[in-house]
Amino acid sequence: MTFDTTTGGTLPAQAAGLAPVALKDRVVTLDVLRGFAVLGILAMNAAAFAWPFDLAMSPDLAPYYTGGMMTPADQTATLINDVFFSDKMRTLFSMLFGVSIFLVGGERSDRARGALLQRRLLWLGLIGLIHGLVFWFGDILLLYALCGLIMLLCRSWSAKKLLWVGGGITLFFAIVQAGGSIGIAALPPEFAAKFSGGGGGPFGATPETIAQSIAAYKDGLFGGFISNAKAWLMAALFILPMGPFFVVPLMMIGLGLYKTGFWAGKSPVWVYGLFIGLTAVTLSLAGLFESQELAVPRAQNPSRGMADAMAAFAPLVTLGYASVLVLLTTRGAAMVTKVFAPVGRMAFTNYLAQTLIMTSLFYMPWGPRWFGEVGPAGLWPIVVAIWVLQLVWSPLWLKRFEMGPLEWVWRCLTYGRRMPFRKVAAA
């Protein structure tokens with residue numbers, strides 16, 4: 001083991017030999033946070049598996065809206081998702097990915113580990129390309145691979161520089177996002193509809209196009225594949241050029257916090273308490289504004305854009321969630337570690353397994369093809385069932401194997417050799 005002066009901790013000796021970190025050297029809090037994030041991402045993404053991409057800009061055109069309103073059950077389901085999950089889990093995953101850039105690649109002066117990191121990211125990009133093009137348009141892996149290639153140039157920055165640059169850029173876009181939401185809400189309704197994608201705007205949809213999209217996903221053996229590929233191309237044209245401006249700063253924040261010891265529970269308790277307190281206030285306000293919006297037809301916009309503006313506070317809420325889990329994990333809450341850490345150790349497998357399950361249910365030719373039929377309330381039982389499945393199967397799998405099956409494939413590709421997979425029983 002070698003001492004890491006940036007965190008006051010230790011770095012695994014295996015890194016010098018270009019081998020994966022041993023289980024005993026893993027940072028448990030990172031596994032816990034990663035497990036929490038990958039489960040939450042499913043809740044955030046569920047609607048994108050079940051409904052056309054067109055609804056992203058015109059959600060009020062979904063068939064489960066009647067007269068501009070949803071049923072009380074759908075309202076509650078939407079409220080929970082928008083307030084507690086939307087954007088927060090992706091933000092947490094982005095921050096943690098920034099940490100992994102340093103853990104795998106080391107300092108920029110370490111050329112061997114840097115080359116290993118590049119191979120790891122290039123394979124991730126290829127897997128992400130297949131995932132998005134063939135299975136689900138909402139893939140994040142290709143974007144992460146691209147952002148990781150940018151982030152590897154910054155991985156030796158000091159914690160202070162990472163936090164100032166990443167935090168400054170994130171704050172700038174948060175102000176722009178919040179101001180834009182409030183500004184659009186102040187426009188006359190006919191203009192606001194154009195900006196939001198409704199009313200036949202350039203990114204909008206109509207009930208007819210929504211119905212056509214649903215029918216296309218269910219059309220024949222390859223309808224879902226073809227429709228998904230088209231949606232992925234549309235999303236990629238926007239996300240791949242623009243995404244790094246938002247994701248790379250979050251990765252900087254994540255790595256900066258790692259170098260301060262935040263993720264390992266080494267920051268002062270008052271820091272975690274401050275994030276938790278601010279998160280509680282933010283979630284309360286977000287819940288208030290969102291409930292106002294859901295209580296009336298969308299066109300009325302009673303919160304005057306504040307419900308949408310609260311999305312800009314996602315990084316703050318993310319740090320509040322992380323603070324709770326870090327404090328519990330480092331203070332001996334064994335149940336938190338037992339529940340989330342195995343899921344986090346298999347986050348790559350679990351993320352892609354979520355796609356396989358959800359696409360099989362909604363539009364793959366071998367499934368029931370529920371696409372365009374399940375509203376927000378109906379999605380939650382499916383999400384919870386998958387949560388239970390992954391919470392159960394992750395520890396069971398790791399009792400017999402060193403890592404998840406797709407983690408093993410990724411590592412074999414990265415290291416260019418067959419890696420140990422099945423656990424060897426102790427004599």
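Predicted model: local features only at pLDDT ≥ 70, side-chain atom pairs only at ≥ 80, totals over all residues.
Residues are numbered from 1 along each chain as its sequence is written, and side-chain values use heavy atoms, with hydrogens and water left out.

Let me start with the whole chain. The protein chain has 16 helices and two strands, where helices (H or I, at least four residues) and strands (E, at least two) are DSSP runs numbered from the N terminus. Of its 427 residues, 49% count as buried; buried means under 20% relative accessible area, exposed means over 50%, and partly exposed lies in between, with a 1.4 Å probe and protein chains only. The accessible surface comes to about 19,800 Å², and 71% of that belongs to carbon and sulfur atoms; these areas come from the Shrake-Rupley method with a 1.4 Å probe, and for residues only the protein chains shown count as cover. If we take contacts (heavy atoms within 4.5 Å) between residues at least 6 apart in sequence, 77% of them join residues at least 24 apart.

Now to the cysteines. How many disulfides does the structure hold? It holds zero, a disulfide being a pair of cysteine sulfur atoms within 2.5 Å. Cys-147 counts as buried because its relative accessibility is 0%, and Cys-154 is also buried, at 8%.

The aromatic rings come next. Rings of Phe, Tyr and Trp (its six-membered ring) pair if their centres lie within 6.5 Å, and planes under 30 degrees apart count as stacked, over 60 as edge-to-face and the rest as tilted. By this rule there are 28 aromatic pairs. In one of them, Phe-172 and Phe-173 have ring centres 5.3 Å apart and planes at 70 degrees, so the pair is edge-to-face. Trp-397 and Phe-401, by contrast, have centres 4.3 Å apart and planes at 20 degrees, so this pair is stacked. Phe-401 is buried, with a relative accessible area of 12%, whereas Phe-173 is partly exposed at 23%. Trp-397 and Phe-401 also belong to one aromatic cluster together with Trp-393, Trp-408 and Phe-421.

Trp-408 takes us to helix H16 (residues 405-415), where the buried residues include Glu-407, Trp-408, Trp-410 and Arg-411. What covers the buried residues of H16? The cover includes helix H4 (111-135), helix H13 (334-345) and helix H14 (347-362). The charged end of Arg-120 sits over the ring of Trp-410, 3.9 Å from its centre; for this, NZ of Lys or CZ of Arg must be within 6 Å of the ring centre and within 35 degrees of the ring normal. Just after H16, Gly-416 takes a positive phi of about 70 degrees.

Finally, please look at Thr-318, which lies in helix H12 (residues 314-330). Is Thr-318 buried or exposed? Thr-318 counts as buried, because its relative accessibility is 1%. Leaving aside neighbours within four places in sequence, Thr-318 is in contact with Lys-88, Thr-91, Leu-92 and Met-95. A polar atom of the Thr-318 side chain lies 2.9 Å from the backbone oxygen of Lys-88. The C-alpha atoms of Thr-318 and Asp-87 are separated by 8.8 Å, although the two residues are 231 residues apart along the chain.

Methods
Polar contact = N/O pair within 3.5 Å; in protein donor to acceptor, adjacent residues only side chain to side chain.
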